[in-house]
Amino acid sequence: MTVDSSARSGLTVSGRPMSSPLQDVWALSRQMVGHFVENVAPCGTLPGDAIHGDVTTITRTCLELAVSMLDGKDIPEKAERLESAAAQWAREGVPIDTIHHAIHEGFKIGLELVVTSAADKYRGGGADTVLTVSLADYESLIGGAKLVVEMLDTMTAAVSQAYVRELRAVVSEHHTAVHTLTSALLGGHPTSTMARECGIEIAERYRVLALSIPPHPEESDPMLDAKVVARRKLRRVQAELATRCGDTVLSLLSVDGGTLLIPGDDPDGAESGETGLDELAAQLSHAARVPITATVVATDTADIPAAADQAHDLLDMVTRLQSVPGMYRFDDLALEYQLTRPGPGREYLGSLLDPLDEHPELLATLQTHIAHNLNRQRTARLLHVHTNTVDYRLKRIGQLTGFDPTQASGLWYLRSALVARTYRTN
């Protein structure tokens with residue numbers, strides 16, 4: 001937006017700048033944010049990092065702009081900083097109503113500080129003193145009141161225009177075209193025209209990744225806005241993906257997961273110094289601040305739809321088995337995947353664990369033990385029992401099912417039975 005940059009003398013009261021009570025913007029912004037959290041409902045529902053990051057930044061930026069407008073200097077530069085900050089908040093998913101609430105609430109506090117400071121100068125600190133204001137100071141106070149309206153107009157317009165502009169950029173025609181291209185590839189439709197429009201070269205082969213992004217713990221916090229927490233989680237994942245993989249990766253993601261198309265033939269993704277997929281999964285998990293689970297299938301471009309179905313079937317299977325979050329490949333799960341296919345074999349294997357129906361603690365022990373690579377100590381820790389209890393339960397499983405989980409042959413049947421059992425009722 002355009003801000004009037006014409007020279008303007010600073011407003012004063014009793015020879016001192018009217019902006020004096022607002023000069024310590026760092027301390028005052030922290031004080032205001034504390035007030036916002038307690039009294040402004042939208043602010044109180046934001047995650048902690050948003051409060052101490054985005055909301056504190058907007059408060060400090062607005063204070064700096066207010067001081068500049070009262071002093072009549074550096075107004076365009078401060079307004080540009082406010083616009084840049086607003087664009088960042090749009091990318092971060094901070095609700096615009098929260099921003100405006102913070103601005104207006106901050107104005108109440110700031111105006112009270114300025115008026116109180118001016119009144120104290122005339123009272124000499126005495127509340128009962130009759131005020132006699134000089135003509136010059138009276139005109140300054142009137143000018144200050146008018147300037148408050150101008151400040152609100154400037155800040156509201158700067159934030160709104162930058163925020164909306166950034167949102168439009170996020171869902172710009174190019175962005176929409178990229179999503180359309182991704183959807184076309186996943187649907188098996190022609191993509192050459194859309195690819196030219198996007199300026200993206202379609203690769204001959206892709207690694208199709210199916211992602212599961214679990215809820216962030218703060219999404220279940222009744223004091224926070226779950227949708228804001230989820231959107232911020234997704235923005236962090238998307239930003240990390242763009243940083244690590246550039247513009248060549250095509251994605252369709254939501255707050256709980258989605259599909260990635262990464263050009264290349266190597267299922268491990270380590271060719272030519274490229275970030276390996278295991279490392280990528282770890283980086284995305286770090287960005288999301290939750291453990292992400294992913295499965296990958298390498299395929300020719302023409303076969304992307306089938307590969308995507310397969311990758312998501314694998315992801316569903318891994319999730320059902322309560323496997324440790326991480327990156328899983330089809331080659332590692334081919335046997336388990338085959339066991340999920342309908343037929344008499346799946347029905348038979350699924351019935352092998354029926355003797356454990358009346359012993360849920362045994363079934364839970366078997367699932368946890370297999371999901372954590374047969375590590376007795378880890379199984380015991382996760383189940384909050386002693387390792388001897390784990391050993392006893394594994395022995396009972398063998399007695400009830402006829403398959404010893406401590407022997408390779410018995411373990412094979414029990415693992416296969418777990419896979420088949422998860423699909424048995426569907």
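**View A. Salt-bridge network of Asp354, Asp357 and Arg421.** In this predicted model, salt bridges (a side-chain nitrogen of Lys or Arg within 4 Å of a carboxyl oxygen of Asp or Glu) link Asp354, Asp357 and Arg421 in a network. A search of the whole structure finds 8 salt bridges.

**View B. Salt bridge between Arg205 and Asp300.** The closest N and O atoms of Arg205 and Asp300 are 2.6 Å apart. Arg205 belongs to strand S3 (residues 205-212) and Asp300 to strand S6 (residues 293-300), so the pair ties together parts 95 residues apart in sequence. Helices (H or I, at least four residues) and strands (E, at least two) are DSSP runs, numbered from the N terminus. Arg205 is partly exposed at 27% relative accessibility, and Asp300 is partly exposed at 36%. Buried means under 20% relative accessible area, exposed over 50%, and partly exposed in between (1.4 Å probe, protein chains only).

**View C. Salt bridge between Lys233 and Glu219.** The closest N and O atoms of this pair are 2.9 Å apart. Lys233 sits in helix H9 (residues 226-245) and Glu219 in the loop between S3 and H9, so parts 14 residues apart in sequence are tied together. Both Lys233 and Glu219 are buried.

**View D. Salt bridge between Asp391 and Arg376.** Here the closest N and O atoms are 2.7 Å apart. Asp391 in helix H16 (residues 387-401) and Arg376 in helix H15 (residues 376-383) are 15 residues apart. Asp391 is partly exposed, at 31% relative accessible area, as is Arg376, at 28%.

**Notes.** Residues are numbered from 1 along each chain as its sequence is written, and side-chain values use heavy atoms, without hydrogens and water. Local features need pLDDT of at least 70, side-chain atom pairs count only at pLDDT 80 or more, and totals for chains, interfaces and linings use all residues.
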